[in-house]
Amino acid sequence: MKSVYIRGNASLYGEVTIQGSKNAALPIMAAALLVPGECVLRNCPRIADVDHMCRILRSIGCRVDRKGRQIRIDASVLKDSRLPEESVTRMRSSIMLMGPLLGRIGEVSLSHPGGCVIGDRPIDLHVKALSRMGAVCRDDGDRLSAVSAGLKGTLVRLAYPSVGATENVIMAAVLADGATWLENCAREPEIGWLCDFLIHCGASIERTGPGRLLIRGKKRLHPCAYSVPADRIVAGTYLCACLAAGGEIFLKGAPAGENDALEKIAEQMGAQVRKTRTGLWARRAGPLRSPGSVATGSFPAFPTDLQSPLLAAMAQAEGESRLQETVFNGRFGVVEELNRMGAGIAVRENTALIPGGRRLTGMRVRAAELRGGAALVIAGLCARGDTLVENRFYVDRGYEDICRDLRMLGACVQDG
Ligand code: UD1
């Protein structure tokens, strides 16, 4: 399945269950390395990045047994601290193995992590924070290695609330000697889920204020069984699809309180949104209006991962919108393809100016990264005519089966 075929002029009606969260599952899988025993992770999404992480964990000695959405990880015996180049360069999240490997066996070596093409992705904050805890890091341009004779708890203040650096420090700190005060850390929900998993394994982590954690190092963690929560970005993508195409949908299991920024924007754009005990209901029946200016930012601000899907909806809204990207530079790659479909978007520095009111035309387009690919699928739903989104593998990195899900919502979307 190389492409996604979408019949345009769609509106969405139906119910879909939201898959487990990619950005929660990956660090939790990495954190299982800290536990000398078998952890059972349920509701892991069936996506390529989770496959990569399984492969990496196996390569360093873990026993990884995957059945559907359940993954058993037994990290009793770790035999290698060198991460395989192929998986690491394909998946940026492999950087999050630094903290747990340092914490558990005191060494790690990996080639420079790859990942989505969404701008510069330095790792200086990870390296600086782990060095403060006593790791000696070396970067020879190709490989990054770090060793430690025993990490020590200390005060770590991040210059920017990086999600990955926060996760690395937490994982390094849970087995460190003494207490770590982590300040200006990320507040994304996935940080909370990672802490929750580690606390289930016996770690001591306390939230002492917004963006502040106190982690008291323990001698040893114990295994646990844990269910990965639903994916807020997948839920947000389908909410953007409903906004753009119109209709009435129910996102079963969509996490509450994790998409407030988008839900507010959706209401400004003319949708009705209601949280229920079991998920999120949304309807957009009347005209789609511009929400004015929106900026991405760290949680609880509007997430950068939903910037491209929202862009596709804004292209069709009445009135001009502005969408400022403050987290990643170079994350407007999808604009070129949206403009071929007729969106007329101009990008000035880190802001996209969307004239709105455009009726897009279906055509053959090409995904260049994960969320941009999802945005093209949304654009295809509302376009006049049919759309073929090529390079589907980018979309599959984050969505179990976007065709299946959109079909559940009544769209005519097929594997191409
Ligand atoms: C995670 C998410 C990704 C999301 C991003 C921001 C996972 C697997 N991925 O990525 O989906 O888009 O958070 O919410 O959870 N930075 C530095 N130096 C560093 C680290 C980061 O300058 O050492 C910068 C980055 O270049 C970027 C910004 O900080 O501009 C945010 O990056 P970060 O929060 O670290 O994102 P990731 O953890 O890579």
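In strand β22 (residues 386–390), Glu390 is the bridge partner of Arg366, and 3 bridges join β22 to strand β21, the two running parallel. Helices (H or I, at least four residues) and strands (E, at least two) are DSSP runs, numbered from the N terminus, and two strands pair if DSSP finds at least two bridges between them. The model is predicted: local features need pLDDT of at least 70, side-chain atom pairs count only at pLDDT 80 or more, and totals for chains, interfaces and linings use all residues. Residues are numbered from 1 along each chain as its sequence is written, and side-chain values use heavy atoms, with hydrogens and water left out.

**Domains**

- The domain assignment of the protein chain gives domain 1 (4–18 + 230–415) and domain 2 (22–225); such bounds come from an automatic or database domain assignment.
- The centres of domain 1 and domain 2, taken over C-alpha atoms, are separated by 30 Å.
- Contact, meaning heavy atoms within 4.5 Å, links 22 residues of domain 1 with 24 residues of domain 2.

**The sheet containing β21 and β22**

- This open sheet has 4 strands in the order β21-β22-β1-β23, and its pairing is mixed.
- At the edges stand β21 (364–366) and β23 (413–415), each with a single partner strand, so one side of each is left without a neighbour in the sheet.
- From one strand to the next, the twist averages 20°.
- Helix α12 lies across β1 (4–7), β21, β22 and β23, and runs at about 25° to β1. Axes are lines fitted to C-alpha atoms, for helices over the stretch in contact, and angles run from 0 to 180 degrees between N-to-C directions.

**The sheet containing β2 and β14**

- A further open sheet consists of 4 strands in the order β2-β14-β16-β15, with mixed pairing.
- Its edge strands are β2 (12–17) and β15 (272–275), each of which pairs on one side only.
- The twist in this sheet averages 10° from one strand to the next.
- Strand β14 (residues 247–252) pairs with β2 in the parallel sense over 6 bridges, and Ile249 in β14 is the bridge partner of Gly14.
- Helix α8 lies across β2, β14 and β16 (279–284), running at about 170° to β14.

**The packing of α8 and α12**

- Two packed helices are described by the angle between their axes and the distance between the axes.
- For helix α8 (residues 232–245) and helix α12 (residues 370–382), the axes come within 9 Å and cross at roughly 25°.
- That crossing makes α8 roughly parallel to α12; angles under 35 degrees count as roughly parallel, over 145 as roughly antiparallel, 65 to 115 as roughly perpendicular and the rest as oblique.
- The crossing of α8 and α12 is right-handed, a term used if the near helix is turned clockwise from the far one by less than a right angle, whereas anticlockwise is left-handed.
- On the α8 side the contact is made by Ile233, Thr237, Cys240, Ala241, Ala244 and Ala245, and on the α12 side by Arg371, Ala374, Ile378, Leu381 and Cys382.
- By class, the contact of α8 with α12 has 9 nonpolar, 1 polar and 1 charged residues. Ala, Val, Leu, Ile, Met, Phe, Trp, Tyr, Cys and Pro count as nonpolar, Asp, Glu, Lys and Arg as charged, and the others, Gly among them, as polar.

**The packing of α1 and α2**

- Helix α1 (residues 22–31) and helix α2 (residues 48–59) have axes that come within 10 Å and cross at roughly 5°.
- The helices α1 and α2 are therefore roughly parallel to each other.
- In α1, the residues Lys22, Leu26, Met29 and Ala30 meet Asp49, Val50, Met53, Cys54 and Leu57 in α2.
- The contact of α1 with α2 divides into 7 nonpolar, no polar and 2 charged residues.

**The pairings of β3**

- Strand β3 (residues 38–42) and strand β5 (residues 70–74) run antiparallel and are joined by 4 bridges; Leu41 stands opposite Ile71 in β5.
- With strand β13 (residues 225–227), β3 pairs in the parallel sense over 3 bridges, and Ser227 in β13 is the bridge partner of Arg42.

**Backbone features in loops**

- Most residues other than glycine have a negative phi, and most peptide bonds are trans.
- The peptide bond from Phe299 to Pro300 is cis, with omega near 15°, and Pro300 is in the loop between β17 (293–295) and α10 (307–314).
- Glu349 is not a glycine, yet has a positive phi of about 50°; Glu349 is in the loop between β19 (346–348) and β20 (351–354).
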